[in-house]
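My notes follow in the order I took them.

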Amino acid sequence: MYLDNPLARFLIKKALTNQRIGHFFFWHLKSEMHNKTVSRRFGLLLEAFCRACGMYLKHLNRQVEAMDKLVNLTDTLKQEKKDETQKTQMKFLVEHMSRPDYMESLQGFVSPLNPVHQLGTLRLEECRIMSSAKRPLWLNWDNPDIMSELLFTNNEVIFKNGDDLRQDMLTLQIIKIMENIWQNQGLDLRMLPYGCLSIGDCVGLIEVVKNSYTIMQIQCKGGLKGALQFNSNTLHHWIKDKNRGEGYDRAIDLFTRSCAGYCVATFILGIGDRHNSNIMVKENGQLFHIDFGHFLDHKKKKFGYKRERVPFVLTQDFLIVISKGVQECTKTKEFERFQEMCYKAYLSIRQHASLFINLFSLLLGCGMPELQSFDDIAYLRKTLALEKSQQEALEYFTKQMNDAHHGGWTTKMDWIFHTIRHMPTEH
């Protein structure tokens with residue numbers, strides 16, 4: 001009700017006594033300042049925080065300055081240079097970033113994505129404009145911190161201007177909560193909730209996960225048959241090639257655990273638009289999903305019909321990896337172990353159903369396009385089968401799993417068309 005209230009005081013106190021909390025408190029407030037319904041309240045909270053945060057304000061100012069430069073640059077690229085060739089756009093990007101004012105602003109500041117990371121000099125030769133419609137920038141900075149250089153030598157970040165990343169942020173936070181629940185119950189499903197931060201109106205940053213490739217990139221390495229899904233062994237061969245000897249068993253185990261976790265999470269949250277460019281695998285075998293623009297069953301439509309007809313993605317390619325190359329995948333003990341993991345993961349989230357329903361209910365007023373009413377939240381009640389007994393819920397989930405596997409051909413057709421559309425052309 002009031003601008004000065006116990007919650008506001010609690011948040012400011014937490015933000016001022018813990019720099020990490022303060023960092024995200026600042027960015028979460030700033031990213032919503034364009035919203036007229038909250039700008040007065042958030043503006044006052046921001047001012048109170050900035051007046052009292054001391055030396056860290058200087059670091060926040062540097063971050064804001066750098067982000068403003070990137071917004072201006074991408075606005076120009078999208079408006080004035082949108083009809084230019086990739087080569088001309090890249091020339092424009094490098095020329096601008098080489099200017100003294102840009103060079104000064106875009107180096108030597110704390111990463112908004114992770115305040116532990118310092119961003120040093122921009123590696124211009126490794127920066128690029130990505131091919132998707134909103135022209136995101138793939139940016140690469142040196143790590144100037146000698147102490148942490150052993151852990152990572154450089155920082156790669158995707159800067160997006162034109163996409164609302166709040167839904168991605170929410171999904172990744174929910175996945176992190178799911179993983180905590182699983183770990184507390186002794187279930188290690190090796191999820192990978194990478195960094196993602198909205199910093200303004202449809203502007204944000206995404207962490208690049210090193211040594212990872214999309215399923216489409218891996219399938220295209222397997223030649224035309226792999227790219228067009230006629231050879232389901234490409235993914236398994238790729239993992240085997242990257243992990244020799246004892247490393248192979250570890251990689252398969254990592255793939256199995258992470259695949260089970262993401263199958264359950266994407267099913268419960270109704271995450272749509274799952275094609276082979278939105279699922280990635282690290283060289284060590286860990287699978288993870290990216291790009292959560294559609295959730296709670298708001299799936300992409302084609303000619304008025306929902307394009308995705310299976311509840312989650314479980315193709316033959318994945319099953320061959322899980323069963324270590326055996327073609328009759330569903331008859332192996334490895335597949336049974338995978339199913340067991342999925343069942344345990346599903347039931348443990350179902351036990352915490354009220355937590356997830358409450359979290360989503362709190363967010364109804366945020367103005368996210370796919371989280372507008374209790375009808376959207378009703379989808380969680382459906383996937384968690386809250387009106388059924390535990391045994392009935394498990395039977396319901398098992399049926400969904402069977403549909404996902406046997407309905408793999410519909411996913412395969414979707415993936416084939418997606419691959420044909422996005423296959424890199426030879427120059």
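I count a charge as sitting over a ring if NZ of Lys or CZ of Arg is within 6 Å of the ring centre and within 35 degrees of the ring normal. By that rule, K221 lies over the face of Y213, at 5.1 Å from the ring centre. I also found K240, whose charged end is 5.9 Å from the centre of the Y248 ring and sits over that ring.

Ground rules next. This is a predicted model, where local features need pLDDT of at least 70, side-chain atom pairs count only at pLDDT 80 or more, and totals for chains, interfaces and linings use all residues. Residues are numbered from 1 along each chain as its sequence is written, and side-chain values use heavy atoms, with hydrogens and water left out.

**Aromatics.** I counted rings of Phe, Tyr and Trp (its six-membered ring) as paired if their centres lie within 6.5 Å. The structure has 13 aromatic pairs. One cluster is made of F267, Y343, Y346, Y396 and F397.

I took contact as heavy atoms within 4.5 Å. Beyond its neighbours within four places in sequence, Y346 touches residues including V264, I268, T383 and A393. In soluble globular proteins, nonpolar side chains tend to be buried together.

**Cysteines.** How many disulfides (cysteine sulfur pairs within 2.5 Å) are there? I searched the whole structure and got zero. For C53, the nearest cysteine sulfur is that of C50, 5.4 Å away. I call a residue buried under 20% relative accessible area, exposed over 50% and partly exposed in between (1.4 Å probe, protein chains only). C53 is at 15%, so it counts as buried. C220 is at 25%, so it counts as partly exposed.

**S105.** This residue is in helix 6 (residues 100–105). S105 is buried, at 2%. A polar atom of its side chain lies 3.1 Å from the backbone oxygen of D101. Leaving aside neighbours within four places in sequence, S105 contacts R62, E65, A66 and K69.

**Positive phi.** R135, not a glycine, has phi near 55 degrees. R135 is in the loop between strand 3 (128–129) and strand 4 (137–142), and is buried at 16%.

Technical notes:
Disulfide = S-S within 2.5 Å. Helix = DSSP H or I, 4+ residues; strand = E, 2+ residues; numbered from the N terminus. Polar contact = N/O pair within 3.5 Å; in protein donor to acceptor, adjacent residues only side chain to side chain. Phe/Tyr/Trp six-rings, centres within 6.5 Å; stacked < 30°, edge-to-face > 60°.
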